[in-house]
Amino acid sequence: MKLALLWLLWAQVPAAQEAAWSEREWAKARAHTPLAEPRPNPTNRLADDARAARLGQRLFFDARFSANGSVSCASCHAPDLGFADGKSLSTGLGRTTRHSLSLWNVAQQRWFFWDGRADSLWAQAVQPLETPKEMGFDRVSLGRALRGDAELKREYEELFGALPDVTTWPARAAPSDDGSELALAWQRMDPQEQRAASRVAANFGKALEAYERRLQRGDAPFDRFVAGAAQALSDSARRGWKLFAGRGNCRSCHSGPAFTDGEFHNIGIPPLAGGKPEDPARYAGIDFVRADPFNARGEFSDAREGERALELETLERTPQNFGEYRTPSLRNVALTAPYMHQGQLKTLAEVVNFYSTLEGATPIGHHQEQVLQPLKLSASEAADLVAFLESLTGAAPSAALLAPLDARR
Amino acid sequence: MRARLASVFLIVAACATGDIRSVSTPLDGPHQGELVAVPDFVSTAAIHSAAGTYLLELEPPVAAMPDNESFRFEVRVADARTRQSAADVMLAVDAAMPEHGHGMNRVPRVTRLGDGHFLVEGMYFHMTGRWELYLDVTHGALTERAQCRVEFSDE
Amino acid sequence: MLALVLIALGAWLQEGEDAPSVPRLGMPSGEIGGTTSVTGLAFDDRGGLWVCDPERGGMVLHAAGSTQMVEVRALARISDVAIRGESIFVSGSDAVVELSLSGVELRRIGAWGRAPGELREPGGIAVAGDLLYIADTGNDRVQRFSLADGAVRTCGERGRSEGQFLRPSDIAVDDVGCVYVSDSGNHRVVKLDRDLKFLKAWGDFGPHPGFFAEPDGLAWHAGELYVVDADNHRVQVFDAEGGRRHEWGLHALLPREGDGKLHYPRKIAVRAETTALSEPYEDRVQIFRRTEPGEEVPQPQRFERVVSAHFGGHVSVAGDLAALCEPTAPSFVLYDVNHALEPWEPVLVARSGSWGRRVGQMLAPSDIELDSQRRQLWLADADAGTLSLWSLDHDESKPLEFDFFKARMVRSLDFAVLHAQRLDGAREPIRPNALELGPDGSLLVLDTLARSLFVVAGDLSSVRLLCAELGPRPVDVAWSELHRRAWIVDAQACRVGSVALDEVQAHYEPRFGERGRGDGELLSPSGVAVVADGTLLVVDEALHRVSRFDPSGTWIGSFGSRGAGSHELHKPRGIDVDEQGRAWVVDWGNHRVQVVSLEGEFLASFGARAFVREALRSK
């Protein structure tokens with residue numbers, strides 16, 4: 001018995017030593033913590049305004065801005081599902097073709113959607129509002145709905161000025177070139193009316209952005225460990241960090257305190273339905289964001305000559321952009337299964353296995369050498385890496401932020 | 001947390017044997033330039049173009065360039081021998097990570113402020129690692145490159 | 001809530017739209033071999049397949065189980081064929097001829113040149129009613145000829161905007177008279193109206209759906225446009241607006257594989273039940289049919305991770321390094337050749353290049369020339385119209401390490417700007433198709449279409465026209481220090497000629513060469529190199545061999561024969577001779593380089609990796 005205990009103790013020592021970090025590994029870890037406040041967004045002058053955030057919180061959970069009155073932002077970005085929805089392909093009014101992105105720490109990103117087709121959170125919010133398979137609503141109906149709710153009207157007008165007069169507006173209308181009734185009604189509208197309706201949509205987005213910028217979730221066991229809480233990480237997670245920072249080379253794309261470079265890469269994830277990838281991703285996203293009337297250069301931006309506007313100008317679309325998707329943040333990743341742009345990988349173990357074997361990866365082009373190489377992890381290494389990723393789950397902010405506001409305030 | 005700029009290597013002397021031809025007025029006929037001894041590493045604020053024709057001064061210097069953040073800098077291009085501002089030249093700026101096989105996913109905006117004086121905006125090194133920064137000076141049909149290795153490490 | 005679930009369920013069920021089982025083209029159903037370097041092809045009204053055979057100088061008709069050859073005289077380098085009723089139209093290097101079905105020449109359209117109505121290496125033709133449309137490849141434009149009154153309309157110039165082209169290689173007409181052009185160098189399809197006015201274009205460079213890499217053959221059939229996507233080894237099918245419908249094509253992994261696998265397909269002919277694809281690289285035509293109910297067109301499996309090299313047509317060896325282009329990547333590569341490891345094989349030490357139009361990027365490098373002593377190289381890119389000088393950081397103490405940072409661009413010369421400034425003495429912007437290190441550190445630059453030779457200073461600071469009267473298709477140049485002259489091989493004249501540099505007025509002299517297959521004869525010379533003793537090595541792509549001549553043209557010997565084994569060649573292209581007197585031959589059709597002693601002993605080969613493994617195993 002004593003021998004067994006001694007042996008057990010003896011066996012622990014090497015394990016603990018294996019998990020210990022070198023100076024370099026400590027230095028690398030410090031580059032990822034603490035989670036910083038989001039960068040300011042001058043294109044939305046109310047981005048950090050508390051009242052705008054409160055309005056945004058109301059709008060976020062409000063299902064009236066959908067064609068059937070049952071879909072809100074929270075339908076696909078549910079607070080208790082990691083602000084995503086736990087499905088491979090998110091479903092609003094209909095099933096879409098992409099996996100819902102988590103909103104935790106979303107303001108750390110610079111481009112939004114998997115293909116980066118929005119350059120701000122407020123520009124992003126307009127799109128699901130009007131997409132037929134998501135909320136199926138339109139900006140004209142949005143204007144009417146806001147006018148029709150006394151509380152929302154008051155809060156909106158306090159921030160953005162008077163809501164437009166909607167009496168001359170059609171019942172429903174939104175710009176699009178699909179020749180639908182909505183599109184035809186939009187074309188019949190006066191340019192002044194169109195602009196007013198679009199401005200309502202932009203302001204809707206800006207309030208939502210103010211709320212979403214507050215959805216920060218850091219203070220994970222990883223952060224605490226680096227700050228000095230020696231028991232915060234298990235041995236397995238510590239070994240996982242060594243892989244993440246070393247042989248795994250994960251930090252080249254999952255960099256910085258948000259564990260993302262905010263940029264776009266093609267790692268050969270095959271489409272959910274199999275076959276060859278047909279989704280242009282960033283290749284289409286670049287064209288879209290440059291043409292988006294709600295982008296940083298557009299008339300609804302509060303900083304039309306600023307840094308983000310310059311970025312739009314310097315973006316260049318190249319053929320290599322095809323099939324590139326935005327690097328997600330790894331913070332709280334354990335809360336947001338499944339993973340990848342169509343939720344192709346169900347668990348973190350499957351994700352690590354993909355990088356380890358590259359099995360099923362679609363090749364990018366055969367006349368070029370492949371850059372991504374399989375990591376060839378052992379089973380215990382893979383488990384360590386998963387343990388590390390799980391240690392990035394932060395402490396949830398106040399529950400008051402995560403539920404609809406009490407309307408009678 | 002911003003990454004520290006780990007190191008900067010100036011690539012000088014295109015030809016190791018020192019047999020460099022200085023071409024002061026490219027394409028004015030068959031040319032016999034005088035040999036220019038290209039100096040060693042001066043600072044990250046002054047870079048010679050690869051065949052020794054131009055001297056480029058950067059403000060702020062390369063050592064102050066950030067990663068993962070859009071930034072701007074100014075470049076003054078001078079004739080390396082006479083140190084006069086180079087008239088009639090245009091500047092283009094690019095960067096690449098040869099180990100990853102990709103370039104910078106931006107085309108920085110270059111504005112001419114005067115003879116041989118340029119403002120470069122929208123520069124963006126989006127990853128840590130080893131980059132090459134390219135400053136291409138074009139005079140007529142001939143472009144000469146000034147190149148500098150830039151390494152970002154977040155440790 | 002329930003309503004939401006039901007709605008979602010309904011939508012999801014609808015989502016799984018079942019593609020109606022449309023019979024799709026792409027099932028392999030046979031092949032026709034025995035044709036060499038086959039290019040254009042077309043079906044006639046009776047279902048006979050006419051196939052261009054430029055090496056034999058004619059058309060081969062495959063009909064009802066038999067073949068029949070129709071010679072087309074006085075037309076070099078036959079490229080495409082179109083049938084209209086009882087007439088056949090055939091394009092060649094400088095004209096389109098109309099023939100009767102028995103081969104009698106009825107008329108000749110066009111002549112060599114750049115003026116409207118003239119042609120330079122037209123790659124493809126189409127006939128619709130009384131209108132003949134020509135993809136005038138070498139002039140970067142398309143032309144329309146009226147067969148009724150001879151009126152000519154031209155459209156296009158070199159470039160990539162609307163109304164511009166880069167090496168357009170084929171053309172097709174739809175049911176309402178709209179014209180489609182394969183704009184190969186711009187990797188897109190361009191749609192024009194019947195008067196050649198630009199309507200739209202689609203495509204970008206790459207292997208993705210709707211992208212292209214050297215699109216070539218076009219055919220319109222039953223409301224669909226078929227585009228042969230040559231470097232992607234596939235055919236893509238679109239509707240009239242560029243909407244993608246279908247694609248097929250498995251990439252061949254072994255030499256001469258066939259069996260539905262494609263290897264650089266070029267032209268296409270489509271009929272109701274079958275389609276024929278030509279693959280000049282493999283000297284064959286493959287036939288495909290539509291799927292039967294229940295069949296699926298074979299889809300690509302995983303690619304081999306270790307891919308073969310895709311060397312272009314030139315190699316340069318100097319000192320301890322060898323340099324080659326990979327135009328399809330695009331990139332260039334450097335090998336260390338001086339190490340003493342056994343078994344000896346060059347070791348890859350650098351690869352540089354990315355596709356694009358920024359300075360320092362490439363579109364399709366055409367030739368490379370190495371100056372090992374000075375640690376520099378020059379890279380020509382005929383599509384981009386540039387010549388660039390690079391310096392090399394070859395660390396002699398670590399020769400065999402792969403270094404991502406080894407090559408640095410020093411300077412780049414833009415021939416379009418040079419021409420606009422009138423500093424090149426040329427009639428058109430220079431296309432640098434071949435390079436050779438010449439006298440006194442200068443570079444000899446060959447422009448095939450312009451039939452001209454230029455001298456460029458080694459530091460790119462000056463350009464001089466040496467000779468503008470070369471033969472009809474000069475493809476490679478080699479410098480003989482011993483005799484102070486540049487040797488040039490001509491693929492069309494089957495001749496070797498020279499330009500002496502020390503004369504006051506440099507002019508071109510054809511020196512020797514007879515067309516044929518016998519000893520000392522040439523059929524399609526593709527490369528030339530000079531040995532230290534002044535003798536010449538001439539590579540012949542059609543005869544799969546290298547021949548040695550003395551400067552007077554006396555044949556000394558040959559080595560090589562057709563195949564993929566270790567002593568064999570398949571469509572060899574460039575050649576160079578190293579300091580040890582070994583010949584380096586780009587065995588282009590086998591994705592490799594072979595190193596051979598001057599006595600014909602094969603010493604080593606590299607680049608092919610898996611590609612020739614089977615062939616080598618069986619030898």
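What follows is a set of questions and answers on the chains, the packing and the backbone of this model.

Mentor: Two ground rules before we start. This is a predicted model, where local features need pLDDT of at least 70, side-chain atom pairs count only at pLDDT 80 or more, and totals for chains, interfaces and linings use all residues. Residues are numbered from 1 along each chain as its sequence is written, with chains lettered from A and ligands numbered from 1 in the order in which they are written.

Trainee: What is the mean pLDDT of chain B?
Mentor: pLDDT is the predictor's confidence in each residue, from 0 to 100. Over residues 1-42 of chain B it stays under 50. In chain B, 71% of the residues reach 70 or more, and the mean is 75.

Trainee: How many strands does chain B have?
Mentor: Helices (H or I, at least four residues) and strands (E, at least two) are DSSP runs, numbered from the N terminus. Along the sequence, chain B reads β-β-β-β-β-β-β-β-β-β. That gives 0 helices, and the number of strands is 10.

Trainee: How many residues does chain B give to its contact with chain A?
Mentor: Two residues are in contact if their C-beta atoms, placed from the backbone, lie within 7 Å. Chain A brings 19 residues to this contact, and chain B brings 20.

Trainee: And by class, how many of those on the side of chain B are polar?
Mentor: Ala, Val, Leu, Ile, Met, Phe, Trp, Tyr, Cys and Pro count as nonpolar, Asp, Glu, Lys and Arg as charged, and the others, Gly among them, as polar. On the side of chain B that touches chain A, 5 residues are nonpolar and 5 charged, while the polar ones number 10.

Trainee: At what angle do H5(A) and H9(A) pack?
Mentor: Axes are lines fitted to C-alpha atoms, for helices over the stretch in contact, and angles run from 0 to 180 degrees between N-to-C directions. The axes of H5 (residues 121-130) and H9 (residues 191-212) of chain A are 7 Å apart, and the angle is about 115 degrees.

Trainee: Which residues of H5(A) make that contact?
Mentor: On the H9(A) side, the residues include Phe204(A), Leu208(A) and Glu212(A). The contact as a whole divides into 10 nonpolar, 1 polar and 3 charged residues. From H5(A) come Leu121(A), Trp122(A), Ala123(A), Ala125(A), Val126(A) and Leu129(A).

Trainee: Why is one side of S10 and of S13 in chain C left without a neighbour in the sheet?
Mentor: Two strands pair if DSSP finds at least two bridges between them. The open, antiparallel sheet has 4 strands in the order S10-S11-S12-S13 (chain C). S10 (124-128) and S13 (152-155) of chain C stand at the edges, so each has a single partner strand.

Trainee: Which residue of S12(C) is the bridge partner of Tyr133(C)?
Mentor: S11 (residues 131-136) and S12 (residues 141-146) of chain C run antiparallel and are joined by 6 bridges. In S12(C), the partner of Tyr133(C) is Arg144(C).

Trainee: Is Phe259(A) buried or exposed?
Mentor: A residue is buried if 20 or more other C-beta atoms lie within 10 Å of its own, exposed if 12 or fewer, and partly exposed in between; C-beta atoms are placed from the backbone. Phe259(A) has a positive phi of about 55 degrees although it is not a glycine. With 25 other C-beta atoms within 10 Å, Phe259(A) is buried.

Trainee: What is omega for the cis peptide bond between Ala337(A) and Pro338(A)?
Mentor: Pro338(A) sits in the loop between strand S2 (325-326) and helix H14 (348-357) of chain A. For the cis bond that joins Ala337(A) to Pro338(A), omega is about -5 degrees.
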